[in-house]
Amino acid sequence: MAAIASSDLSGFGELQAVLRIRAFRRLWAVLGLSSLGDWLGLLAASTFAAAQVKDSTAQGVAFGSVIAVRLLPALVLGPVAGVFADRFDRRYTMVVCDLLRFLFFASIPAAALVTRDAALVIGWTAVATFVIETVAMIWTPAKEASVPNLLPRARLETANQLTLATTYGITPVVGALVLIGLQWLVLAIFGPDEPRWAEPSNVALWFNALTFLATAATVFFGIREISGRRTAGVERKPGMIREFTQGWAFVSRTPLVRGLVLGIFGAFAGGGVVVGTAKFYAVSLSAGDAAFALLFAVLFLGLGVGIATGPKLVGALSRRRWFGLSIILAGGSVLILAFATHLAVAVGGALLVGVGAGMAFLSGTTLLGGEVADDMRGRAFAFVQMGTRVVLMLTISLSSIIVGAGGTRQINLGFYHFDISSTRPLLAIAGIFGVFAGLFALRQMDDKPGVPILLDLLGSIRGRPLSPDNPKAAQGVFIVFEGGEGAGKSTQVDRLAEALRRVGREVVVTHEPGATPIGRGIRGLLLDHPADGGEELTPRAEALLYAADRAHHVASVVRPALEHGAVVISDRYVDSSLAYQGAGRTLPVEEVSWLSKWATGGLKPDLVVLLDLDPAVGLARAGRRGEADRLESESLAFHERVRYAFLDLASADPSRYLVLDATNSIDALAEGVLQRVRHLIPEHETSIDTVLHDAAQVATTLTGDEAGDESPSDLSGKGSRV
Ligand SMILES: Nc1ncnc2c1ncn2[C@@H]1O[C@H](COP(=O)(O)OP(=O)(O)OP(=O)(O)O)[C@@H](O)[C@H]1O
Ligand SMILES: Cc1cn([C@H]2C[C@H](O)[C@@H](COP(=O)(O)O)O2)c(=O)[nH]c1=O
């Protein structure tokens, strides 16, 4: 999966970029209005029902039953709601839903004008609320599934930040203010004896109905882009029941969606337990209602912080990993709550629960929108919508019942006894469950297997996520020659290639920079002296150009050859960047290393032959070829830093390096290299031995010495460094 990472714009710039997209801007306005309607509806319909009766018990029942009726459709209709969103034109689906909501919201205060029978009015309020909620269950997946089609993928996360902030941050507050404003307006216009249709809760409901009429009109006339995603005609689609079962099968069989759904449910279950136990929990901290309110406020604050700052914090971390880690954070923080004995620790825990849940909510929504195909998206969203409501309802009610029944127990260990509130074990179980849900999600969805997750997280926070290692490409053998200027690399590359070809092995000889047509252009930029008055290449640009050459070289030459089974011999590779740009130019070596790792996808050589030579000698050798290029013209001190960087790299990973003293003769060096390479090519070991033997014979004939005078072990002359 390509991580859906935010761009380098500032947070505000990203919001502006998203809102510049006309269709999304309008949908966002619709969402704001519709969510305002939802919140107003929740407040107004329940206070309206309560206002129909006088005694307090009946008021409580009326209020509670309207709330319960709002949650019921999730159970009844949740599973099929997504089929509507996937099957029918989403724009028309949304428009019809909004018109129905307009009619049914308006019908609630209208019913009170028609009859004075309180039971009838409350009954109708409940029926209308049920229909409105049912319709919302269809509207929401249609809306959620439409958003990704209106935006470039890279903007989806910011769009989700905006919509979540609007739904859960802005509109509840605006809803409450509108309610207060309407009450004030009614009082100002009619005084205390307002007509029945203008009672404050009635006015709120009229207002609310109108918001849905406005959204229906906006979607119908203003966001035509939501329609027209279908290419196949309705007649080619399976029946509704089949679409429904396909949706379930998709959720249960697709690892990404399975991980997402279970992760989200786990997070909501943890959140439900926290909410359900919060009141008793505050008591177990020897704190009262104020602490209860504080914990709640902090939890919601954390939610907002997670949503608002999460993407910037984790940078380019894979969103799948971010999702799993966020759930683990939320679960782990519930565990902190379970063991907190001090209010300050509990407040910290609640904040982190909120941060984790907010980040999981954002990344989960973005992943669902960005990675689930359009024709399944409605069902996936509907499934999550239904599941989260059910999980939340069950966990809140069950945990409050359990905690209420469990009370506080005294544990007596003989030598020590203490009180333990049943909230604690329950929170601990919820926390452990949350952590496991996060781990499960990670297992199901991880898109960078083999890349250490914590290092990846740390790297991402610092702006450099790790790339998945693809260290070895299939069959081939990858050998690299490194060393300073004039050390004899090209000479030895040719000698080794010739020897291996002689034993029948396919060999690809290559080099950096400049082995490809594109690379040759880059090489010119890197090594040619700037024309008179020309610009000097800056160190970072130099590092990037070497990395660009490498990325292209690896992808178009090295990997294909290795996959073909060839022995690839390259004159220079990653270590040259570490030595020249890192030590030579004094750029931070780990940054240069990360850059190369990213460029190569982590491809490492099987063997690096380092030809070590005093730079003064090497530069003199190279100088015999002609005018020094841009890098050769660097100071001796620069080349000395390069030399010692190469040696350091070799001593840090001796098993992959062969360090040879490059003052030895060309033949002796070639023999030393071949001795080492024979182990890498076991299938040609015997033939290589024959080549080595023949070379020794020739040497003896020419010099009269015994073969092996310059045995490979003598070559380094610096044995301890090998
Ligand atoms: N072992 C050796 N002893 C003496 N001279 C050598 C030896 N190996 C190579 N040379 C000579 O040194 C010069 C540079 O050799 P070569 O081009 O192989 O080095 P290089 O490391 O590839 O250089 P550069 O990195 O600058 O391209 C050539 O003239 C070559 O013949
Ligand atoms: C790959 C690579 C090379 N360099 C430098 C090292 C040399 O000075 C030149 C290449 O010249 P050669 O004759 O082909 O050896 O480029 C570097 O600075 N960084 C690198 O990554």
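This is a predicted model: local features need pLDDT of at least 70, side-chain atom pairs count only at pLDDT 80 or more; totals for chains, interfaces and linings use all residues.
A residue counts as near a molecule or strand if its C-beta atom, placed from the backbone, lies within 6 Å of it. Residues are numbered from 1 along each chain as its sequence is written, while chains are lettered from A and ligands numbered from 1 in the order in which they are written.

**Overall make-up**

- The protein has 25 helices and seven strands. Helices (H or I, at least four residues) and strands (E, at least two) are DSSP runs, numbered from the N terminus.
- Of its 722 residues, 44% are buried. Buried means 20 or more other C-beta atoms within 10 Å of the residue's own; exposed means 12 or fewer, and partly exposed lies in between, with C-beta atoms placed from the backbone.
- Among contacts with a separation of 6 or more, 82% join residues 24 or more positions apart. A contact requires C-beta atoms, placed from the backbone, within 7 Å.

**Nonpolar cores**

- A nonpolar core is a set of buried Ala, Val, Leu, Ile, Met, Phe, Trp, Tyr and Cys residues joined through C-beta atoms within 7 Å.
- The largest core holds 116 residues; Ile138, Val334, Leu337, Val353 and Ala360 touch the most other members.
- Helix H5 (residues 118-150) gives this core its largest share, 15 residues.
- Domain 1 (9-237) and domain 2 (254-466) each contribute at least three residues to this core. The domain bounds come from an automatic or database domain assignment.
- Leaving aside residues up to four places away in sequence, Val353 touches Val274, Leu299, Gly302, Ala330, Ser333, Val334 and Leu337.
- Another core, of 51 residues, lies apart from the largest one; Val480, Ala487, Phe646 and Leu658 are among its members.

**Ligand shells**

- Ligand 1 is surrounded by 16 residues, of which Gly488, Lys489, Ser490, Thr491 and Arg621 are the closest.
- Helices H16 (489-502), H21 (615-623) and H23 (666-677) each supply at least two residues of the ligand 1 shell. The largest share, three residues, is from H16.
- By class, the ligand 1 shell has five nonpolar, seven polar and four charged residues. Nonpolar covers Ala, Val, Leu, Ile, Met, Phe, Trp, Tyr, Cys and Pro; charged covers Asp, Glu, Lys and Arg; the others, Gly among them, are polar.

**Strands**

- Strand E5 (residues 567-571) has five of its five residues buried. Val567, Ile569 and Asp571 cover one side, and Val568 and Ser570 the other.
- In a regular strand the side chains alternate between the two faces of the sheet.
- Strand E3 (residues 477-483) runs parallel to E5, joined by five bridges. Val480 has Ser570 of E5 as its bridge partner. Strands pair if DSSP finds at least two bridges between them.
- Strand E4 (residues 507-511) also pairs with E5 in the parallel sense, over five bridges. Here His511 is bridged to Asp571.
- In strand E7 (residues 657-661), four of five residues are buried. Strand E6 (residues 607-612) pairs with E7 in the parallel sense over five bridges, and Leu610 has Val659 of E7 as its bridge partner.

Notes
Two residues are in contact if their C-beta atoms, placed from the backbone, lie within 7 Å.
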